[in-house]
Amino acid sequence: MNKLAAELQDNVVIKKVNVDQDRELAAQFNVRSIPTLVFFNEGKVIDRHSGLLTETGLREKINQMPTV
């Protein structure tokens with residue numbers, strides 16, 4: 001994830017949240033398993049993924065996201 005965040009920094013913002021430290025945010029987005037990825041576009045949730053995802057899988061998922 002860090003590698004993709006650095007590589008795609010001009011087009012994509014990747015943030016990590018520690019759900020133990022920010023329980024309210026985890027509850028707000030209904031995070032029930034770790035890892036959970038929540039994808040946003042213009043502030044709206046457009047997709048989610050729970051469970052492990054390879055770098056290739058994450059890259060493909062990002063590439064399939066609608067652009068602004």
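Reader: Which residue in the turn between strand 1 and strand 2 has a positive phi?
Author: This is a predicted model, in which local features need pLDDT of at least 70, side-chain atom pairs count only at pLDDT 80 or more, and totals for chains, interfaces and linings use all residues. Residues are numbered from 1 along each chain as its sequence is written, and side-chain values use heavy atoms, with hydrogens and water left out. Strand 1 and strand 2 form a hairpin with 2 residues between them, where strands are DSSP runs of E of at least two residues and helices are runs of H or I of at least four, numbered from the N terminus. In the turn, the residue with a positive phi, of about 55°, is E42.

Reader: How many bridges join strand 1 and strand 2, and in which sense do they pair?
Author: Two strands pair if DSSP finds at least two bridges between them. In strand 2, which covers residues 44-50, R48 stands opposite V38. Strand 1 and strand 2 pair over 6 bridges, and the sense is antiparallel.

Reader: Which elements give two or more residues to the largest nonpolar core?
Author: This core has 7 residues, namely L4, L8, L37, F39, L58, I62 and M65; such a core is a set of buried Ala, Val, Leu, Ile, Met, Phe, Trp, Tyr and Cys residues joined through side-chain atoms within 4.5 Å. Buried means under 20% relative accessible area, exposed over 50% and partly exposed in between, with a 1.4 Å probe and protein chains only. The elements that give two or more residues to the core are strand 1 (36-41) and helix 3 (55-64).
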